[in-house]
Amino acid sequence: MPVTVPEMLKMSQAQLDDLFTQSPVGEIPSGEAKGTAIVGPGTTYTQDIANFINHFAWQGKVFDPTKGVLRNKILPFGLNAIIAKVYKGSSWMDKKECIVLDYSKTSLLAHWIRDEIREVSPGIYLGLVYWGKKKLIHFALQFPASG
């Protein structure tokens with residue numbers, strides 16, 4: 001059964017972790033995805049926090065799989081900044097394959113950040129954000145429906 005971003009916003013931390021570990025890696029995505037930060041999973045504040053972050057700080061990511069990079073869309077006007085290398089690798093969560101978004105060699109601002117994503121539904125990815133080796137938050141990426 002496909003999982004939607006609104007459904008992920010209602011899940012607990014444990015449910016999100018289970019969804020991530022049970023999902024296939026998927027293909028490295030291409031193009032622009034709307035991002036949703038999932039902070040305080042399973043609480044009544046999750047949607048409000050996501051809306052605030054989406055409006056003022058982070059709107060999503062733009063992937064270029066041929067170059068193996070992405071740019072984050074940040075600030076209220078959607079500046080394309082904070083570049084990451086994109087490749088498939090082993091997840092720090094469960095050692096299974098995932099898509100790694102690696103900022104260690106591409107960003108002075110975010111060099112200690114690593115994201116991991118897996119495709120949970122067609123065009124929808126669930127991600128984990130690590131600071132160093134510490135898991136911080138989840139996020140969702142939603143790509144426009146193709147076709």
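Buried here means under 20% relative accessible area, exposed means over 50%, and partly exposed lies in between (1.4 Å probe, protein chains only). The legends below describe a predicted model, in which local features need pLDDT of at least 70 and side-chain atom pairs count only at pLDDT 80 or more, while totals for chains, interfaces and linings use all residues. Residues are numbered from 1 along each chain as its sequence is written, and side-chain values use heavy atoms, with hydrogens and water left out.

View 1. A salt bridge is a side-chain nitrogen of Lys or Arg within 4 Å of a carboxyl oxygen of Asp or Glu. Side chains of opposite charge can pair when their charged atoms come close. In this view R114 pairs with E116, and their closest N and O atoms are 3.0 Å apart. R114 is buried, at 11% relative accessibility, and E116 is also buried, with a relative accessible area of 0%. Elsewhere, salt bridges that share partners join D94, K96 and R118 into one network. By this rule the model has 7 salt bridges.

**View 2. K135 and D17, a salt bridge from strand to helix.** Helices (H or I, at least four residues) and strands (E, at least two) are DSSP runs, numbered from the N terminus. The closest N and O atoms of K135 and D17 are 2.9 Å apart. This pair links distant parts of the chain: K135 belongs to strand β8 (residues 134–142), D17 belongs to helix α2 (residues 13–22), and 118 residues separate them. Which of the two partners is buried? D17 is, at 17% relative accessibility, whereas K135 is partly exposed at 24%. Contact means heavy atoms within 4.5 Å. Leaving aside neighbours within four places in sequence, D17 is in contact with M93, L128, K135 and H138.

**View 3. K88 and E27, a salt bridge between a strand and a loop.** Here the closest N and O atoms are 3.9 Å apart. K88 sits in strand β4 (residues 79–90) and E27 in the loop between α2 and β1 (31–38), so to speak a link between distant parts of the chain, 61 residues apart. K88 counts as partly exposed, at 31% relative accessibility. E27 counts as exposed, at 57%.

**View 4. F63 and the largest nonpolar core.** A nonpolar core is a set of buried Ala, Val, Leu, Ile, Met, Phe, Trp, Tyr and Cys residues joined through side-chain atoms within 4.5 Å. In soluble globular proteins, nonpolar side chains tend to be buried together. The largest core of this model has 20 residues, and those with the most contacts inside it are F63, L101, I117 and L141. Two or more residues each come from β2 (58–64), β3 (69–74), β4, β5 (97–102), β6 (113–121), β7 (124–131) and β8. The largest share, 3 residues, belongs to β4. Beyond its neighbours within four places in sequence, F63 is in contact with P29, S30, G31, V69, L70, V86, L101, I117, L141 and F143. A second, separate core has 18 residues, L16, I124, L128 and A140 among them.

View 5. On a 1 Å grid over the protein atoms alone, a pocket is an open set of points where a 1.4 Å probe fits, with protein on both sides within 12 Å along at least five of seven lines; lining residues have an atom within 4 Å of a point. Grid points are joined across faces, edges and corners, and a volume is the space filled by probe spheres set on the points. About 520 Å³ of space lies in the largest pocket. Which residues are the closest to its centre? Of the 20 residues that line the pocket, they are W58, N72, I82, I113 and V129. The elements giving two or more residues to the lining are β2, β3, β6, β7 and β8, and the largest share, 3 residues, comes from β8. Ala, Val, Leu, Ile, Met, Phe, Trp, Tyr, Cys and Pro count as nonpolar, Asp, Glu, Lys and Arg as charged, and the others, Gly among them, as polar. On that basis the lining divides into 17 nonpolar, 1 polar and 2 charged residues.

View 6. D94 lies in the loop between β4 and β5. Not counting residues up to four places away in sequence, D94 touches T21 and R118. D94 and Q22 are 72 residues apart in sequence, and their C-alpha atoms are 9.9 Å apart in space. Y45 is found in the loop between β1 and α3 (46–56). Is Y45 buried or exposed? At 56% relative accessibility, Y45 counts as exposed. Y45 and L9 are 36 residues apart in sequence and 9.7 Å apart in space, C-alpha to C-alpha.
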